[in-house]
Amino acid sequence: MKTSIDASEPQVADQRARQASTGGRKVGRRGRRTRSVALRSLVVLLLAVVAAFFLVPLIWLLLAPTKTDSALIARSPFAFGSFSQVATSWNHLLAFEGGAILVWLRNSAVYSFAGMAIAIVVGIPAGYGLAVTQFVGRKTLLVITLVVMIMPSTALVLPLFLEMNSLHLVGNAFSVILPFSFFPFGVYLAYIYFTTTVPADLLAAARIDGCSEWKTFRYVAAPLAMPVIALVAFFNFVANWNNFFLPFVMLPSSNQYPIQVGLENLLSSTPAFNPTIGGSQLAVYRPEVALAILLAIAPVLIVFLFSQRALVTGLLAGATKE
Amino acid sequence: MAFTHRAPSVTVARRRPRSVAGYAFVSGYAVLLIGLGAAPTVWALVLAFQKSTGSGFAGAGNFVQSFKDFRFLPAVEHTGLYLLIWLVSLVVLVVGLALVVHTRGKRTSTVLRFVYYLPGALAGAASVLVWLFVLDPAVSPISFLLHGFGWTSFNQVIAPEHLPYVFAIMAFWTGAGGWILVMYGALNNIPSELMEAARLDGASPWQLALRIKIPMIRKWIAYMVILAFATGSQLFVEPQLVSQASGGLINPTWSPNQLAYAYAFQLNNFNGASAISIDLLVLGLICAALIVVRTGLFEAS
């Protein structure tokens, strides 16, 4: 965009010559006004192109299960097929490995919710303890929490596998649930919340009234912390639901897969990407895979649609320091 | 912005009860931190320095061996090129888009931010699968573009030399929206008096963006770059699934993390796998420490 403004004279002349020959609109020499109109429409165009980049794959995905595999190839990518075709795709998908898709979705729900429950039960008190109590090692724990929170969680996957392997826990649901529940980001969110939003005087008053430390937390601080609990629950759930690498290495058998690993399994079993696979008895083609993707993302997408505000707040947690 | 952070005042610090209660509150979390953070790291370190042919101290043997592996350098190069493309596009496009979106009207900017952010719901395998379709000229909604480049088959689109770009596009699709939100929030935090003063001094929108806005959100740009670098260096799902869909065209050790995976799962060489994991872990730790220490965005009061 910068070049279009700073376009030097020879370039402009060159452009004009070309435009004159093609009968194009003249820009550049007409003065500031034309230029700013051109720039403004360029900006609108840019924003629209970027929006299309983000939306087009999603729209295609929504429409894909309404068409047959051959219609996906033959018809326009944005054509709508029929609802009955969605039902057909669903039946085909359900027939895959005797309803494996349902097992995968259930597994995802179990792992994600179990991990989330532990993350909250353990993480919210930890954030509280870091925020309002004093103990040896508090600062160290806080710094470690920050570093682990920022470090990509994938970096720990293979070390975790090696650990679980030597403990003979590979293949156990807890080899996934426990790492899910270790959620330093949630602890940090709770810490920030308790240091900034819950007044220290309120907690002091509870103590003066005879509350023990535990009761102060349980009956005064925790009820006030509902917003941050919801936020931690949300972020942890999304992270768990979308996690691929950890369950991929930890859980070897198909009936233990969460949906993300199930999708990978589906990919390797569809003739759409694996022509070597005999497609005759399998009916998992592109519409079925697209439907499976939609099912896999539905829970997260629904939460996204209804909690954008909370999400933004969470993304900016720690953002607004100065 | 409910989490406006203010350093706790002295009075708060004084009121903190010094008791065993603190330990009780953090105990559960500390157990998880030790068991699932520290222990695996230490265990991986132990394995990395152990001989793969049984027990015994291997020194740097496993690290040297993995460096010398004919697949290691290409994997680092692939990921490096991907990171370069991804980071440049992040800095240029995310900051550019955030600046532009920020100048739009309230409603337009809300809609745009939401649209840009929506694909963020499709992390993990789901987004890769979507892109496998989008990049397959037979069914792609952008087949006209693919054909325009002269690519008529899926394998042509995912030719090895295209992959760093392909993965950068995937990463941008799911990740850029979130960063645009962050930058937008940071832009909102610039004091309006400052902008007003600059405007009165005759600053053009361009000067405003280049001289005031970008310098004011510099910290956040640094944060984004370091974090994206750390995450990108761990690349696994994308090459794994693309390699699978390519029917053997793309080698399954495209990224270092995949190579570590192959060491553990195909060669049964846990020591070699540990060595590469430690490389990647150290890289991640350095990035995280850099953010905490240098950007000053996160204060541990």
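**Helix packing and chain contacts**

Analyst: This is a predicted model. In chain B, helix H10 (residues 192-200) and helix H11 (residues 205-216) have axes that come within 11 Å and cross at roughly 160°.

User: Are H10(B) and H11(B) roughly parallel or roughly antiparallel to each other?

Analyst: Their axes cross at roughly 160°. Angles over 145 degrees count as roughly antiparallel. H10(B) and H11(B) are therefore roughly antiparallel.

User: Which class of residue has six members in the contact of H10(B) with H11(B)?

Analyst: H10(B) contributes Leu194(B), Met195(B), Ala198(B) and Arg199(B), which meet Leu208(B), Ile212(B), Lys213(B) and Met216(B) of H11(B). In this contact two residues are charged and none is polar, and the class with six members is nonpolar.

User: How is H4(B) oriented relative to H11(B)?

Analyst: Helix H4 (residues 72-103) of chain B and H11(B) have axes that come within 12 Å and cross at roughly 105°. The range from 65 to 115 degrees counts as roughly perpendicular. H4(B) is therefore, relative to H11(B), roughly perpendicular.

User: Which residues of H11(B) make the contact with H4(B)?

Analyst: On the H4(B) side are Val95(B), Leu99(B), His102(B) and Thr103(B). By class, the contact of H4(B) with H11(B) has four nonpolar, two polar and one charged residues. From H11(B), the residues are Ala209(B), Lys213(B) and Ile214(B).

User: Is the crossing of H5(B) and H9(B) left-handed or right-handed?

Analyst: Helix H5 (residues 106-117) and helix H9 (residues 163-188), both of chain B, pack at about 145° with their axes 7 Å apart. The crossing of H5(B) and H9(B) is left-handed.

User: How many polar residues are in the contact of H5(B) with H9(B)?

Analyst: Ser109(B), Arg113(B), Tyr116(B) and Tyr117(B) of H5(B) meet Gly177(B), Gly178(B), Ile180(B), Leu181(B) and Tyr184(B) of H9(B). Gly counts among the polar residues. The contact of H5(B) with H9(B) has five nonpolar residues and one charged residue, and the number of polar residues is three.

User: How much area do chain B and chain A bury between them?

Analyst: The contact takes 104 residues from chain B and 115 residues from chain A. Of the area buried between the two chains, 76% is on carbon and sulfur atoms, and the area itself is about 10100 Å².

User: Which residue of chain B forms a salt bridge with Arg286(A)?

Analyst: Side chains of opposite charge can pair when their charged atoms come close. Between chain B and chain A the count is one salt bridge. Arg286(A) takes part, its closest N and O pair being 3.5 Å apart, and the partner is Asp136(B).

User: How many residues apart in sequence are the parts tied together by Arg286(A) and Asp69(A)?

Analyst: The side chains of Arg286(A) and Asp69(A) also meet in a salt bridge, at 3.3 Å from N to O. Arg286(A) lies in helix H16 (residues 286-306) of chain A and Asp69(A) in helix H4 (residues 69-74) of chain A, so the parts that the pair ties together are apart in sequence by 217 residues.

User: Which residues of chain A does Phe270(B) touch?

Analyst: Phe270(B) is in helix H15 (residues 270-295) of chain B. Leaving out residues up to four places away in sequence, Phe270(B) touches Leu47(B) and Ala264(B) in chain B, and in chain A Phe161(A), Leu162(A) and Asn165(A).

Conventions
Residues are numbered from 1 along each chain as its sequence is written. Chains are lettered from A and ligands numbered from 1 in the order in which they are written. This is a predicted model: local features need pLDDT of at least 70, side-chain atom pairs count only at pLDDT 80 or more; totals for chains, interfaces and linings use all residues. Side-chain values use heavy atoms; hydrogens and water are left out. Axes are lines fitted to C-alpha atoms, for helices over the stretch in contact, and angles run from 0 to 180 degrees between N-to-C directions. Helices (H or I, at least four residues) and strands (E, at least two) are DSSP runs, numbered from the N terminus. Angles under 35 degrees count as roughly parallel, over 145 as roughly antiparallel, 65 to 115 as roughly perpendicular and the rest as oblique. Contact means heavy atoms within 4.5 Å. A crossing is left-handed if the near helix is turned anticlockwise from the far one by less than a right angle, and right-handed if clockwise. Buried area is the accessible area (1.4 Å probe) that two parts lose on being put together, summed over both. A salt bridge is a side-chain nitrogen of Lys or Arg within 4 Å of a carboxyl oxygen of Asp or Glu.
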